[in-house]
Amino acid sequence: MVVTDRISAFDVVLPEPIPFKGQVLNQIAAKFLQSTLDIVPNWVIDVPDPNVTIGKICEPFKVEMVIRGYLAGHAWREYQSGKRSVCGVELPDGLKENDKLPVPIITPTTKASVGHDEDISREEIINRNIVDEQDYILLEKYTRALYQRGTEMVADLGLILVDTKYEFGKADGKIHLIDEIHTPDSSRYFYKEGYEDRQAKNEPQRQLSKEFVRKWLIDNGFQGKEDQLIPEMTPEFVNSISDRYIELYEHITGDKFIKIDHPDTLKRVENNIVEALNRLA
């Protein structure tokens, strides 16, 4: 799996690449996948290059397990529109954006019947036989345990894991965690310091995630619909996105980000993959 610098939003790949984004995502995911092996097996075999992961081929479940500890993003937009049930989970009245929820809630999505993510309830997943009930119970168990582990790991680094999503598949009859985890593409983070004060004052939270890209697109008239044109991102905005990805990497890992800027990236990637495959053969 080669992780590129492309960025997507509303299920659309945007034209402008974000410098070093692929390296950030791959290295953060590698760290958290390694740190959660005691919870659930995962697909990773080797990480031979900053932008590459070699792993097992798994048959993916057709659901993404989204878990939310705070009312933000899509869930907030649904709540703000008047809905009090998200994916079959009832929410109380009187909540405001970015409030901590009484307990984390699982709000799955699926692409089983449409091209875009579709909110779906636990009951629908089982009744439509998208996932076997026994497997789904395990997916929920793993999702809660992974979110708890991620929350604990970043709390010591001054961050709040607001919400995230996990994807799972099967290999050799066993459930495996696949894709990336706890990256800014799959997760939303707030700064822990000042969170309570900002909530009390109804001020926006300082966050590290891809949500600011979504909001910029919405402000510029784009939400992924067929008749909408993708707005052009200026070089300054592209660099600001890159800076945010690097900032998140350094906050989560506690390490200084080292930019791997090779004169021939494709050749570097190819050489590292070939070397790894020979070693693993």
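**Aromatic rings and their partners**

Reply: Phe20, Tyr249 and Phe257 form one aromatic cluster, and please keep in mind that this model is predicted.

Me: How is a pair of aromatic rings described?

Reply: In general, a pair of aromatic rings is described by how far apart the centres are and by the angle of the planes. In this structure the count comes to 9 aromatic pairs. One of them joins tyrosine 70 and phenylalanine 190, whose centres are 6.4 Å apart with 70 degrees between the planes, and because an angle over 60 degrees counts as edge-to-face, this pair is edge-to-face.

Me: Which parts of the chain does the pair of tyrosine 70 and phenylalanine 190 tie together?

Reply: Tyrosine 70 belongs to strand β6 (residues 63–70) and phenylalanine 190 to strand β14 (residues 187–191), so the pair ties together parts that are 120 residues apart in sequence.

Me: Are tyrosine 70 and phenylalanine 190 buried or exposed?

Reply: Buried means under 20% relative accessible area; tyrosine 70, at 9%, therefore counts as buried, and phenylalanine 190 is buried with a value of 0%. Tyrosine 70 also pairs with tyrosine 195, and since the centres are 5.6 Å apart and the planes stand at 85 degrees, that pair is edge-to-face.

Me: Which residues lie over the faces of tyrosine 191 and phenylalanine 212?

Reply: Arginine 206 lies over the face of tyrosine 191, 3.7 Å from the ring centre, while arginine 244 lies over that of phenylalanine 212, at 3.8 Å from the ring centre.

How values were computed:
Residues are numbered from 1 along each chain as its sequence is written. This is a predicted model: local features need pLDDT of at least 70, side-chain atom pairs count only at pLDDT 80 or more; totals for chains, interfaces and linings use all residues. Side-chain values use heavy atoms; hydrogens and water are left out. Rings of Phe, Tyr and Trp (its six-membered ring) pair if their centres lie within 6.5 Å; planes under 30 degrees apart count as stacked, over 60 as edge-to-face and the rest as tilted. Helices (H or I, at least four residues) and strands (E, at least two) are DSSP runs, numbered from the N terminus. Buried means under 20% relative accessible area, exposed over 50%, partly exposed in between (1.4 Å probe, protein chains only). A charge sits over a ring if NZ of Lys or CZ of Arg is within 6 Å of the ring centre and within 35 degrees of the ring normal.
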